[in-house]
Amino acid sequence: MEDFLLTAEELRARSGLKWQKYPPDVLPAFVADMDFKVAPAVQAALARLVDHQDYVYGMPTDLEALYATFARWMERRHGWRPDSALTMATADVVQGIVATLVAYSAPGEGVIVQTPAYPPFLRVVEGTARRLVENPLLRGDRFTLDLEGLREVASRARVILFCSPHNPTGRVFDNDELRQVASIAEEHDLTIVSDEIHADITYDSARHIPMETIAPERTVTLTSATKSFNIPGARAALVHFGSAALKERFDKVFPEHLLGRPSRFGVDATIAAWSDSEPWFDQVMRRLASNRSLVAEWAASRKGIGHVPPEATFLAWLDCGELGLPGSPFDFFLESAKVALGDGRDFGGPGVGHVRLNFGTSKEILTEILARMSHALDEV
């Protein structure tokens, strides 16, 4: 029984961005929240703080417990044992991206991004006065890294801002690809900043490989429990440095207390997620896998929709370039279908003509979203 599901009415009663940004007649499938209740252990951990009005300072050992829990989860799920001494807590992954770009590059220096890319990647590069160097993914039967292109642009950069698994395409990069990225980084003395927040959410035979297991001396990993366990509002993330030298470089730029830290709510929710919520997560993954298939079947049935089923994430990247729509597909589906998707234009040049659909919801809501989109397309 899928007791983690929420109805549209329950979701509209919430105050969050996803269900409040648009009018009630619009079904949202844009921001990467899942429409599910949180794991019981997470709910209980937060309830304990609330019930005891426990809003005071935490213990100095709170982060130690968080780091140890993080290490156990990564070892169990991904065969990687992060060193707690090289781990740092932040408020969210994007904060970690900003900080690492500032620590490992200078204004005006290049940052390589594999586009289409999670929109904050593009905004952060611009916002830190770095220079965006795009290396678009190649699309065939699946999306692949343009390794020749990466070699060509590597001399113009200081950092590779990597998203693994990739958002929005859902690619899970294989061992050979990661080793070639590491080799290019070594040759050109680049730091790899690897956002691995979607690492747990993989399908079929796809297996996430942490970049630090390939190139520890060059990699800083950013991650969080927020995607897998649907707790982004808890505001907790982790930065892990692949070597003491990388951490030392970072610490010279960011002295203690300059960056924010998670609240006790974020720490306790994350510990409960990684320690006591794996059965909940496995149940959610079965729903996501079923929804992924539903989207793939729908896309295959619609002439003019290009779609490569994601190997990870709960996000579907839809190519609408051959539909001949008036205006952008984002505007078309919002106005004609009353469905709010992610606007491909926000993901960089290769995103034009695309939309990103979040299928982390109930079958009923997803079916209605796809039916509305079909009806709108049938009327063109």
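The side chains of Glu278 and Arg77 are joined by a polar contact of 2.7 Å, a polar contact being a pair of N or O atoms within 3.5 Å, where within protein one must be able to donate a hydrogen and the other to accept it, and residues adjacent in sequence count only if both atoms are side-chain atoms. This is a predicted model, in which local features need pLDDT of at least 70 and side-chain atom pairs count only at pLDDT 80 or more, while totals for chains, interfaces and linings use all residues. Residues are numbered from 1 along each chain as its sequence is written, and side-chain values use heavy atoms, with hydrogens and water left out.

**Around Glu278**
- Glu278 belongs to helix α11 (residues 278–301); helices (H or I, at least four residues) and strands (E, at least two) are DSSP runs, numbered from the N terminus.
- Apart from its neighbours within four places in sequence, Glu278 is in contact with Trp73, Arg76, Arg77 and Ala273, where contact means heavy atoms within 4.5 Å.

**Helix pairs**
- The axes of helix α4 (residues 62–78) and helix α10 (residues 264–276) come within 9 Å and cross at roughly 30°; such axes are lines fitted to C-alpha atoms, for helices over the stretch in contact, and angles run from 0 to 180 degrees between N-to-C directions.
- That angle makes α4 roughly parallel to α10, since angles under 35 degrees count as roughly parallel, over 145 as roughly antiparallel, 65 to 115 as roughly perpendicular and the rest as oblique.
- Among the residues that make this contact are Trp73 and Arg76 of α4 and Trp274 of α10.
- Helix α12 (residues 329–337) and helix α13 (residues 363–378) pack at about 100° with their axes 9 Å apart, and α12 and α13 are therefore roughly perpendicular to each other.
- Their contact is made by Phe332, Phe333, Ser336 and Ala337 of α12 together with Arg372, Met373, Ala376 and Leu377 of α13.

- In helix α6 (residues 119–127), the buried residues are Pro119, Pro120, Phe121, Leu122, Val124 and Val125; buried means under 20% relative accessible area, exposed over 50%, and partly exposed in between (1.4 Å probe, protein chains only).
- These buried residues of α6 pack against α5 (93–104), β3 (110–113), β4 (131–134), β7 (159–163) and β8 (191–195).
- A cis peptide bond, with omega about 5°, joins Thr115 and Pro116, and Pro116 lies in the loop between β3 and α6.

**Positive phi in loops**
- Asp204, though not a glycine, has a positive phi of about 55°, and Asp204 is exposed, with a relative accessible area of 71%.
- His257, also not a glycine, has a positive phi of about 80°, and His257 is exposed at 68% relative accessible area.
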